[in-house]
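Keep the sequence beside the coordinates as you read.

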Amino acid sequence: MTPDTPAEAQPQRAPTEPTPEQREAFLDQLRTYLAAMYPSAGYRTRRRILRRARNKGHYGRLGEVAGILVSNYVRHECTDYERLLRINGGNEGLTREEARMVVAQEVEDMANRWRQGSAETDEGYVQLRRQLRERRRKKGKRKDNAGVIATQNAAIAEYLRGWLERQKPA
């Protein structure tokens, strides 16, 4: 809101839509999440995935968004998925569903390799995830808004930043 514009004249955003500040914070948290949960992916790969998240406007729960981004990146950049769509030229390739089925195991294997050495099994991280899941369960079936998601993402990213620091050689 600008100082000379009344609040009612400002465009309203849906309660689940993140603010620009929440979106920027999310991208910073996603950077931390990718480093901690996909450490074997390598810095350049994680940077490309993060750039895609920024360009496409991704926002949501860190684990869900990161999983989707990593799977999409692996499918399109590290497998024959694109070639399978173009087999025999033009529109005569496999359907998206067929091509996804062909490369599914390869995508899963690569993502699992990238997770080696991650915080996934760290007891503190496991406890934090359990606590957040329990809070969501207690709130019932209603959809979380961007503020709730932002708070939970911040807690996860803060823990993972500490975890990454503890992983650095002394």
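This is a predicted model: local features need pLDDT of at least 70, side-chain atom pairs count only at pLDDT 80 or more; totals for chains, interfaces and linings use all residues.

Residues are numbered from 1 along each chain as its sequence is written, and side-chain values use heavy atoms, with hydrogens and water left out.

Start with the chain. The protein chain has 7 helices and 0 strands. Its elements run α-α-α-α-α-α-α from the N terminus on. Helices here are DSSP runs of H or I with at least four residues, strands are runs of E with at least two, and both are numbered from the N terminus. Of the 170 residues, 31% count as buried. Buried means under 20% relative accessible area, exposed means over 50%, and partly exposed lies in between (1.4 Å probe, protein chains only). The accessible surface comes to about 11200 Å², and 48% of that belongs to carbon and sulfur atoms. These areas come from the Shrake-Rupley method with a 1.4 Å probe; for residues, only the protein chains shown count as cover. Take contacts between residues at least 6 apart in sequence: 70% of them join residues at least 24 apart. A contact means heavy atoms within 4.5 Å.

Now the helix pairs. α1 and α2 pack at an angle of about 155°, with their axes 10 Å apart. Axes are lines fitted to C-alpha atoms, for helices over the stretch in contact, and angles run from 0 to 180 degrees between N-to-C directions. α1 and α2 are therefore roughly antiparallel. Angles under 35 degrees count as roughly parallel, over 145 as roughly antiparallel, 65 to 115 as roughly perpendicular, and the rest as oblique. α1 passes α2 in a right-handed crossing. A crossing is right-handed if the near helix is turned clockwise from the far one by less than a right angle, and left-handed if anticlockwise. On the α1 side, E24, L27, L30, R31, L34 and A35 take part; they meet R46, I49, L50, A53 and R54 in α2.

α1 also packs against α7 (residues 146-167), at about 40° and with axes 9 Å apart. That makes α1 oblique to α7. The contact includes F26, Y33 and M37 of α1, and A150, L160 and W163 of α7 among others. The crossing of α1 and α7 is left-handed.

Which residues does I49 touch beyond its neighbours within four places in sequence? They are L34, L69, V70, Y73 and W114. I49 sits in α2 (residues 43-56). It counts as buried because its relative accessibility is 3%. I49 and L30 are 19 residues apart in sequence and 9.7 Å apart in space, C-alpha to C-alpha. T45 is also placed in α2. T45 counts as buried at 13% relative accessibility. With neighbours within four places set aside, T45 is in contact with Y73 and W114.

In α5, A99, V103, V107, M110, A111 and W114 are buried. Their cover includes α1 (20-37), α2, α3 (62-78) and α4 (81-85). α5 (residues 96-115) bends by about 50° at V103. The bend is the angle between axes fitted to the seven residues ending at a residue and the seven starting there. Just after α5, G117 takes a positive phi of about 85°.
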